[in-house]
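We'll go stop by stop.

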Amino acid sequence: MDPASFIEICLHQLKMSGVRADERLVVLTQGDERLDYADAFLAAGRTLGANIFHMRLPAPSLKSGWAVGQTPLASMPEAVEALKNADMLIDCIFLLFSPEQMAIQAAGTRVLTVVEPPALLARMLPSLELREKVELAGALLSQATSMHITSPHGTDVVYTLGTYPTVTEYACTDQPGRWDHWPSGFVFTGGNDDGVDGQIVVGPGDVLLPQNIYVREPIVYTIERGWITDIRGGLEAELVKSYMADFEDSRGFAMSHIGWGMNPDAKWHRMTPGEFPGGMGMEPRSYLGNVLFSTGPNNELGGSNDTACHLDIPMRGCSLFLDDEPVLIDGEIVVRDLRSDRNGSSETRGGKVFDVAG
């Protein structure tokens, strides 16, 4: 993307995030990564008259796998204190799940993660409609006491809800202490620590993240009282088990967040060249009607599990019920208030629409 276009989409983002001329913004990068992101945000912030600057951390000495919650800020308390004094942090290194991000948010700084390729950022710009629909979905989910998920592949699992809050992601943030991720568009919560039971079958075409691959053979998870007790299947199942074993942390087998995608601009199949596996998979996490099944840490929701072993698995074609009321049927949103104008009519898409209060 040319620099002028990148500045324009960053300017749109900052406006959607309510940036004012009297605010202090920090763009956080590491080494030589995403310096063009910093330049674009600096130019956009100056256009709005914000007091914006760039904090660039040293490059990591050793590249490693995706271990969530582990950041260079852990050894830089002075940098954390500086970020606590900002109104908004634009995180271009991925601080999510880390104690440092939680401390920064607790101080009132709002945080926006931006690590995906510019072409995807441009295609999945935040909008008022997306925010409205995601917030309606969040209100519906926050009132539920149970979530039941089924699928043609054999998924049949129940999450007992109530312990953890509901989190909404709509790709911008204008509230003190709030985190979001650009691009995004989904809603999630966590099951009670001992309140998830049943079977989840990850079917062909579902996505393994962070591996960034489409599943070709079913992966069957057996879940008892909030823990994975068995993983069966073919090559992808063996890959998952090997990946999880590398962390040498049994807490990776706990259930993490659960929710569904709300973004009509995100597509399961449409990946701009370089985004997938080049990106971290925010498009498959967000596409309309997916069920996002996750394992590992729940500290993002206020839980005590801070394991670095985390998988996100967007699944197609599932049905999802809150307190026995349908929200998704075969991957289609059926709650009228949650449907975007771009859902298409129920007649043309072959779905049913239910008048369930949003």
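Residues are numbered from 1 along each chain as its sequence is written, and side-chain values use heavy atoms, with hydrogens and water left out.

**Stop 1**

Select Asp324. Buried or exposed? Asp324 is exposed, at 65% relative accessible area. Its phi is near 70°, a positive value in a residue that isn't glycine. You'll find Asp324 in the loop between β18 (319-322) and β19 (325-329). Those labels come from DSSP runs, numbered from the N terminus: helices are H or I with at least four residues, strands are E with at least two.

**Stop 1: the whole chain**

Now zoom out. The protein chain has nine helices and 20 strands. Its C-alpha trace spans about 50 × 50 × 40 Å along the principal axes. A compact globule of 358 residues would have a radius of gyration near 21 Å, and this chain agrees with its 20 Å. (That radius is taken over C-alpha atoms, and the globule rule is 2.2 Å times the number of residues to the power 0.38.) Of the 358 residues, 56% count as buried.

Next, think about contacts, meaning heavy atoms within 4.5 Å. Among those between residues at least 6 apart in sequence, 69% join residues at least 24 apart.

The chain's mean is 92, and 91% of its residues reach 70 or more. Then select 344-354, where pLDDT stays under 50. Where pLDDT is low, the predicted coordinates should not be read in detail.

**Stop 2: helix α4**

Select residues 99-106, which make up helix α4. Which of its residues are buried? They are Glu100, Gln101 and Ile104. These cover an arc of only 100° around the axis, which puts them on the same side of α4. To see what covers the buried residues, show α3 (77-84), β3 (88-91), β4 (110-113) and β8 (179-181), which are among the covering parts. Just after α4, click Gly108, which takes a positive phi of about 105°.

**Stop 3: around His181**

Follow β8 to His181, which lies in that strand. At 2% relative accessibility, His181 counts as buried. Leaving aside neighbours within four places in sequence, its contacts include Phe94, Leu112, Glu169, Ala171 and Met282.

Pick Ala171 from that group. It sits in the loop between β7 (167-169) and β8, and is buried at 0% relative accessibility. Its phi is positive, about 80°, although Ala171 is not a glycine.

**Stop 4: two cis bonds**

Select Trp182 and Pro183: the peptide bond between them is cis, with omega near 0°. Pro183 is in the loop between β8 and β9 (186-190). Another cis bond joins Leu209 and Pro210, with omega about 25°. Pro210 is in the loop between β11 (207-208) and β12.

**Stop 5: rings**

How many aromatic pairs does the structure hold? Six. Rings of Phe, Tyr and Trp (its six-membered ring) pair if their centres lie within 6.5 Å; planes under 30 degrees apart count as stacked, over 60 as edge-to-face and the rest as tilted. Show Tyr214 and Trp268: their ring centres are 5.7 Å apart and the planes are at 75°, so this pair is edge-to-face. Tyr214 lies in β12 (213-214) and Trp268 in the loop between β15 (255-261) and α8 (282-286), so the pair ties together parts that are 54 residues apart in sequence. Tyr214 is partly exposed at 28% relative accessible area, and Trp268 is partly exposed at 27%.

Terms used:
Buried means under 20% relative accessible area, exposed over 50%, partly exposed in between (1.4 Å probe, protein chains only). The arc is that of the directions from the helix axis to the C-beta atoms. pLDDT is the predictor's confidence in each residue, from 0 to 100.
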